[in-house]
Amino acid sequence: MPKQLRSPTWVQKLRKGNCFECATFLTSLLLGQGYNAFVVSGYASREQTLCDLTRRSCPYILQPEKHTKRKPEEQQPKITKYELKLPIDYKSQFLSELEEEKARKLEEKLIFDEKEQQKLIEELEQLPPDEHRGHRIHAWVAILPELGGVRDQEIPYPLFIESTTGVSFEATDDDTAQLYLGVESIWNDKNYWVNMQSSVKSCVNIVWDLMKVELWEHLLPGEPWTMHGVGEEIDEESDVQPEKHLDMPFSYVDPIKISEAEFEKRFPNGTKTILYKKTKVELFAPYLQLDGVVQRITIYNDYDYTTPIEIYETYANRSDNLVESRRNINDNTVIDYYRRGRADQCKDSERILDFYHVPRFDGLSKFEMNPSYLTQHFVGRDDFLYYRHVQFSQDRKTSAPQDIHYRHILNIVEKFNRDERIKASRNIAIREFAISENEIRLTYHYHSGQFTRAIRTYIKPPLAERGERLILDPSMMHGYTPLDESEKSLNLLYELETQLYEEDVSISQVRAAEKELCAFLETRDKEYLMPTLLISVYDKLRESKSLIETLVRTKSEKDITEDVNYLKPYLARLGNPSELSKIDAQFIQYTCLNDYKQLLMRRANKILREFDECSQELMKTQALITQEGDLTREEEEEILEKINELNFYLQTLETRLDRHRDLVPIRYKMLLHHLQQNPHLTVLKGDN
């Protein structure tokens with residue numbers, strides 16, 4: 001029992017105290033929030049008094065739910081007139097019984113081994129006997145139901161709260177009886193009650209009706225008006241007149257005021273470490289760690305916390321939107337989880353990257369990369385593509401280690417959803433580009449009511465025979481159509497040409513995916529090495545970078561809107577005199593206007609020079625079409641596209657030149673008017 005009890009403000013200031021001081025502090029806070037809270041003085045177990053949690057499961061880790069096996073519902077046999085008889089099973093009944101006996105023995109052995117292992121674990125976790133059990137004094141907090149109170153619906157039954165850990169327990173729970181062994185008295189700001197239930201051996205059987213004097217003896221006679229009418233009816237012998245109640249003395253300490261900085265810091269020095277069964281939990285205040293970690297959970301393989309196997313870290317305020325990281329020490333794998341808002345829309349990353357597919361233009365939802373293959377999953381694409389699998393060869397394409405395209409592509413398999421606008425026999429379901437075998441294999445969707453579907457295989461022609469020289473050779477094509485529908489040769493030619501183009505597109509998309517993955521890994525390495533934290537503009541405790549940038553931008557805009565003195569460089573040549581003579585003023589005005597004329601002439605000459613160069617380049621490009629008649633369609637399209645760009649640029653230059661010619665006299669008059677209003681040239685006003 002402590003000899004003195006320090007005030008809650010002392011506990012708040014030093015962030016430490018014994019169980020009685022912490023319980024008083026917590027009770028004060030709960031009373032301020034309208035709870036019917038009391039400080040409980042009694043007896044607790046050794047682990048509870050010493051705050052030893054090393055034999056309890058960690059509450060920060062979600063425990064797997066135990067699924068109860070449901071009994072299969074008995075299905076009544078269907079009575080049918082025609083029933084197909086099953087074939088006779090020519091199997092030895094003796095062999096079947098032997099197999100069943102073997103399976104039963106194996107199951108019994110597994111159950112026995114599991115029980116033995118569980119028994120061994122219980123022996124290891126069994127606590128040593130406590131010779132002082134039932135005599136260890138402890139204090140905690142109790143919240144009792146209050147009929148008609150502010151928290152009446154929230155607290156329907158008595159609740160215990162351990163003030164040193166903040167963990168709550170139901171007062172009537174059997175597990176609570178192993179932690180809290182007895183109650184001597186309770187008190188709050190209204191009265192002091194002594195427990196008279198001596199025959200009660202456990203806290204579970206305590207009756208918490210404070211209106212019954214035979215159960216709870218009051219230090220101050222009478223009951224406060226707030227408890228009048230609470231509980232069961234009181235007989236005449238135990239009735240206490242509420243008007244004779246003596247009030248508790250007024251508080252001698254200052255009101256508890258928790259500032260925003262104190263609430264954010266939470267723990268002494270901003271950190272706290274809690275040891276659970278095979279688990280260590282480290283808690284940090286926000287912005288205390290440079291990497292933004294606020295919680296770290298380390299799972300160990302032993303009870304001495306020497307062999308870690310898994311580490312879970314939770315982050316806050318990260319600029320890369322990292323919220324959680326899970327690391328397995330045994331296989332050295334790391335899984336990172338991100339919230340929405342990243343530029344790459346990554347959701348979580350391991351060997352398989354998950355993405356938020358809605359903000360992405362390509363609809364990528366999952367990306368899996370391996371040295372021998374690459375797999376992509378898509379959602380909601382306009383071309384109905386939902387799956388792509390790329391197989392690579394093990395031989396290196398190049399010896400350069402920094403080249404990310406070092407692998408040969410053997411084949412690409414793409415799968416598509418059904419497009420109801422296209423006939424099933426022409427709607428591709430599976431497309432395989434067998435690059436190593438120089439083939440394109442197409443599998444189409446099923447027709448409704450059919451069990452087979454059309455397939456077609458093309459042998460790709462050489463590069464020299466593609467483009468406008470592409471022809472359809474029936475010997476280089478074979479397939480199957482369930483309805484014996486004959487396709488026109490022209491349609492097959494168009495299909496072959498389209499698939500050759502789609503193959504190039506798929507290869508380019510695979511290479512782009514490799515670049516994206518490489519860029520993601522580089523970005524993640526930089527985020528690991530140099531993490532940055534974001535500060536909200538509403539944060540009152542620290543200056544936000546965005547707020548500073550806003551102030552700087554506002555100041556720069558203010559500087560831009562200020563009047564510009566065009567004579568500053570000319571005055572600097574004369575030593576920045578306070579007054580100018582008439583000759584100096586005329587010289588400065590003439591020099592300033594002459595320099596502005598030269599500037600306007602240089603701008604006009606630059607536009608004319610660019611116009612001439614662009615015209616000559618346009619004439620050379622147009623001559624290529626007339627001189628070379630054997631251009632391919634791709635080359636001709638490139639030339640025409642370049643001609644259109646040059647024509648557009650010529651029109652832009654012509655528009656700029658016309659606008660410059662129209663604005664020159666207006667701008668010159670504006671500068672002349674500004675110089676006349678300048679205070680340094682006031683000596684020239686008489687001459688104008």
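**Figure 1. Arginine 318 in the loop between strand E11 (308–315) and strand E12 (322–328)**. The model shown in this and the following views is predicted. Arginine 318 has a relative accessible area of 3% and is therefore classed as buried, the cut-off being under 20%. Its side chain is joined to that of aspartate 320 by a polar contact of 2.8 Å. Beyond residues up to four places away in sequence, arginine 318 touches Asp291, Arg339 and Glu527, together with Pro531, Thr532, Leu533 and Leu534.

**Figure 2. Isoleucine 297 within strand E10 (residues 293–300)**. Isoleucine 297 is buried, its relative accessible area being 3%. With neighbours within four places in sequence set aside, the contacts of isoleucine 297 are Tyr60, Ile61, Thr279, Lys280, Val281, Glu310, Ile311 and Tyr312.

**Figure 3. Packing of helix H10 (residues 582–627) with helix H11 (residues 633–677)**. The two helix axes come within 9 Å and cross at roughly 170°. Because angles over 145 degrees count as roughly antiparallel, H10 is roughly antiparallel to H11. The contact of H10 with H11 comprises 25 nonpolar, 6 polar and 8 charged residues.

**Figure 4. Residues 95–123, annotated in UniProt as "coiled-coil region"**. The annotation comes from an unreviewed entry. In the predicted model, the span is 100% helix and 0% strand, and its end C-alpha atoms lie 42 Å apart.

Terms used
Residues numbered from 1 in each chain as written. Predicted model: local features only at pLDDT ≥ 70, side-chain atom pairs only at ≥ 80, totals over all residues. Heavy atoms only, no water. Axes fitted to C-alpha atoms, helices over the stretch in contact; angles between N-to-C directions. Helix = DSSP H or I, 4+ residues; strand = E, 2+ residues; numbered from the N terminus. Parallel < 35°, antiparallel > 145°, perpendicular 65-115°, else oblique. Nonpolar A, V, L, I, M, F, W, Y, C, P; charged D, E, K, R; others polar. Buried < 20%, exposed > 50% of the residue type's maximum accessible area, 1.4 Å probe, protein only. Polar contact = N/O pair within 3.5 Å; in protein donor to acceptor, adjacent residues only side chain to side chain. Contact = heavy atoms within 4.5 Å. UniProt positions renumbered as here; feature names shortened; annotations may be inferred.
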